[in-house]
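Here is a short report on one protein model. Keep the structure open beside the text and find each part as it is named.

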Amino acid sequence: MNDHPISLTDLDVAALVLRLADLLPPKGWMMATAESCTGGLIAGACTDLAGSSVWFERGFVTYSNEAKSELLGVDPALIEAHGAVSEPVARAMAEGAVARSRAQASVAVTGVAGPSGGSAEKPVGTVWFGWSVDGRTRTERRRFDGDRAAVRAATVHYALQTLVELVRGA
């Protein structure tokens, strides 16, 4: 008996990772992740697939503001002015992941997974995403319901789903 049954979300994430494995190598591209609120879960989902070293270059787990600046080059003034959970920081994280790796595609996430840490302006479940694909950056704010695990799982799924769409269209 399996104590941790595979959920539909797990299967969806695995399918998205398989799509990236199909899409990135023909372009000669690699990807990188820049994660805060997910703590490496996106990189973990990608590297669960055997052979992912062909297209997964590296993951940055930048949970602290200092790590965002030191590892990804995020200007501390951006964090000071807008907060870590913001469009400018998500953009800078995505662009920094590409600039500081050999990847042509990246996804960045910064958010409030909960159960605490939220505010009226940035309630628990608020996540800013950044994707940098072939020199173009896109950002988006989403709000997910549920507990910490649900917010993080939804973040992983949405990050990968959108990355698949952007790589497919590039």
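## A glutamate in strand β5

This is a predicted model. Start with E140, which sits in strand β5, residues 136–143. Is E140 buried or exposed? Its relative accessibility is 17%, so E140 counts as buried, the limit being under 20%.

What does the side chain of E140 meet? One partner is the side chain of Y158, with a polar contact of 2.6 Å. Another is the side chain of R138, where the polar contact is 2.9 Å. E140 also forms a salt bridge with R142, at 3.8 Å from N to O. R142 is partly exposed, with a relative accessible area of 30%. Leave aside residues up to four places away in sequence, and E140 touches V127, W128, F129, W131 and Y158. F129 stands opposite E140 in β5.

## The sheet

Now step back to the sheet. Strands of a sheet pair through backbone hydrogen bonds, either parallel or antiparallel. Here 5 strands form an open sheet, and their pairing is mixed. In what order do the strands lie? The order is β2-β1-β3-β4-β5. At the edges are β2 (56–61) and β5, and each of these pairs on one side only. Neighbouring strands are turned against each other by 10 degrees on average, with direction ignored.

Two helices pack on this sheet. Helix α5, residues 87–99, touches β1 (31–35), β2, β3 (105–111), β4 and β5. The direction of α5 makes about 145 degrees with that of β3. Helix α6, residues 148–169, touches β1, β3, β4 and β5. The direction of α6 makes about 25 degrees with that of β4.

Look next at β4, residues 126–133. It pairs with β5 in the antiparallel sense, over 8 bridges. It also runs antiparallel to β3, and 7 bridges join these two strands.

How many residues of β4 are buried? The count is 8 of the 8, so the strand is largely enclosed by the rest of the structure. Both faces are covered. On one side lie T126, W128, G130 and S132.

The hairpin of β4 and β5 has 2 residues between the strands. In this hairpin, D134 takes a positive phi near 55 degrees.

## A closer look at S132

S132 lies in strand β4. Its relative accessible area is 5%, which means that S132 is buried. In β5, the bridge partner of S132 is T137.

Which residues does S132 touch, not counting those up to four places away in sequence? They are A94, E95, V98, Q104, A105, S106 and T137. Take Q104 from this group. S132 and Q104 are 28 residues apart along the chain, yet their C-alpha atoms are separated by 7.6 Å.

## Salt bridges

Side chains of opposite charge can pair when their charged atoms come close. How many salt bridges does the model have? The count comes to 7 salt bridges. The pair of R142 and E140 is one example.

Another joins R58 and E57, with the closest N and O atoms 2.6 Å apart. E57 has 14% relative accessibility and counts as buried. R58 is partly exposed, at 29%. A network of salt bridges links E57, R58 and R102.

A further salt bridge joins R91 to E87, where the closest N and O atoms are 2.9 Å apart. Where do R91 and E87 lie? Both are in helix α5. They are 4 residues apart, about one turn of the helix. R91 is partly exposed, with a relative accessible area of 29%. E87 is partly exposed as well, at 22%.

Key:
Residues numbered from 1 in each chain as written. Predicted model: local features only at pLDDT ≥ 70, side-chain atom pairs only at ≥ 80, totals over all residues. Heavy atoms only, no water. Buried < 20%, exposed > 50% of the residue type's maximum accessible area, 1.4 Å probe, protein only. Polar contact = N/O pair within 3.5 Å; in protein donor to acceptor, adjacent residues only side chain to side chain. Contact = heavy atoms within 4.5 Å. Pairing = 2+ DSSP bridges. Axes fitted to C-alpha atoms, helices over the stretch in contact; angles between N-to-C directions. Salt bridge = Lys/Arg side-chain N within 4 Å of Asp/Glu carboxyl O.
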